Amino acid sequence: MTTTATSESPRPWPVQECRSPRCKQPIIWTLTERGRDMPVDAEPSKGGNVALRWNADGDTVMSSVPKPHLAFGRHDLHMSHFATCPDAYWRAAPRGGGRRGRHA
Ligand SMILES: [Zn+2]
């Protein structure tokens, strides 16, 4: 028996810095099941409710919110950065406006 960890070893999430000059917290950009960009706190949190996973191509971090009974006891869930960012400009950002959510 050979054990290969290549497909099972967790990949590190692509951590970026929040664009808010008042925040600058490490965040991870994710794509929700509704196809919207959503930043989450880079560190898992006890109060987190967002599960992260890589998409099939392995180039996008997908986020989903597991049902409470599935989320119970998990320690790998993240908080939405919308909830923790001191800057509220996220909510006011126009959808599909001049600024794209990420820079490659
Ligand atoms: Zn922030």
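Here are some questions and answers about this predicted model.

Q: Which pattern does the protein chain follow along the sequence?
A: Let's start with the parts list: the protein chain has three helices and five strands. Read along the sequence, their pattern is β-β-β-β-β-α-α-α.

Q: What share of the 104 residues in the protein chain is buried?
A: A residue needs 20 or more other C-beta atoms within 10 Å of its own to count as buried. Of the 104 residues in the protein chain, those that are buried make up 13%.

Q: What percentage of the contacts with a separation of 6 or more comes from residues 24 or more positions apart?
A: Take the contacts in the protein chain that have a separation of 6 or more. Within that set, residues 24 or more positions apart account for 57%.

Q: Is Lys 24 buried or exposed?
A: You will find Lys 24 in the loop between β1 and β2. Its phi is near 55°, a positive value in a residue other than glycine. Most residues other than glycine have a negative phi. Because Lys 24 has 10 other C-beta atoms within 10 Å, and 12 or fewer is the limit for this class, Lys 24 is exposed.

Q: How far apart in space are Gln 25 and Cys 85, C-alpha to C-alpha?
A: Gln 25 sits in the loop between β1 (15–17) and β2 (26–32). Gln 25 counts as partly exposed because it has 18 C-beta neighbours inside 10 Å. In sequence, Gln 25 and Cys 85 are 60 residues apart, while in space their C-alpha to C-alpha distance is 8.0 Å.

Q: Which residues does Gln 25 touch, not counting residues up to four places away in sequence?
A: Touching here asks for C-beta atoms within 7 Å. With residues up to four places away in sequence left out, the partners of Gln 25 are Cys 18 and Asp 41.

Q: Which residues does Pro 26 touch, not counting residues up to four places away in sequence?
A: Pro 26 lies in strand β2, and its 13 C-beta neighbours inside 10 Å are why Pro 26 counts as partly exposed. Pro 26 and Pro 39 are 13 residues apart in sequence and 9.7 Å apart in space, C-alpha to C-alpha. Setting aside residues up to four places away in sequence, Pro 26 touches Val 15, Glu 17 and Ala 42.

How values were computed
Residues numbered from 1 in each chain as written. Predicted model: local features only at pLDDT ≥ 70, side-chain atom pairs only at ≥ 80, totals over all residues. Helix = DSSP H or I, 4+ residues; strand = E, 2+ residues; numbered from the N terminus. Contact = placed C-beta atoms within 7 Å.
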